[in-house]
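Have the sequence and the model open as you read.

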Amino acid sequence: MGVKHGREYDEILKDLTNAVGEIKDSYLFFEMEGSEWQDLSPAEKREVHEALAEDLFYGLGTEPVIEVGGGVVMYDREHHRINLLIGDEELTVVPLI
């Protein structure tokens, strides 16, 4: 089902893909080892991040908070956005409208 949105899905997916790419150990979401991640080409890493962004977009529709490696992805229904807490202090926002 996913989250409610007014922006084009492709735009949201692009922004969310870039945002999850900032989570240094995002590969842990797919239970990959660090060595497996390092063996991937930049294009393959981008594909993994896009798959992760798609999973998160749809998963946040039922589970409003999802841990991704050392980050946390949260659906802010009231403000129509997805918040990503990367590490302890960095916050990235993906608007949905």
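## Strand pairing

Val68 stands opposite Gly71 of strand S2. S1 and S2 (residues 71-76) are antiparallel partners, joined over four bridges. Strands count as paired if DSSP finds at least two bridges between them. Strands (E, at least two residues) and helices (H or I, at least four) are DSSP runs, numbered from the N terminus.

The model is predicted: local features need pLDDT of at least 70, side-chain atom pairs count only at pLDDT 80 or more, and totals for chains, interfaces and linings use all residues. Residues are numbered from 1 along each chain as its sequence is written, and side-chain values use heavy atoms, leaving out hydrogens and water.

## The sheet

Four strands make an open antiparallel sheet, ordered S1-S2-S3-S4. S1 (65-68) and S4 (90-95) are the edge strands; each has a single partner, so one side of each lacks a neighbour in the sheet.

## Helix H1

Helix H1 (residues 9-20) packs on the sheet and touches S3 (81-86) and S4. Contact means heavy atoms within 4.5 Å. The direction of H1 makes about 170° with that of S4. Axes are lines fitted to C-alpha atoms, for helices over the stretch in contact; angles run from 0 to 180 degrees between N-to-C directions.

Ile12, Leu13, Leu16, Thr17, Ala19 and Val20 are buried in H1. Buried means under 20% relative accessible area, exposed over 50%, partly exposed in between (1.4 Å probe, protein chains only). The buried residues of H1 pack against helix H3 (42-59), S3 and S4. Asp10 and Lys14 are exposed, on the face of H1 turned away from its buried side.
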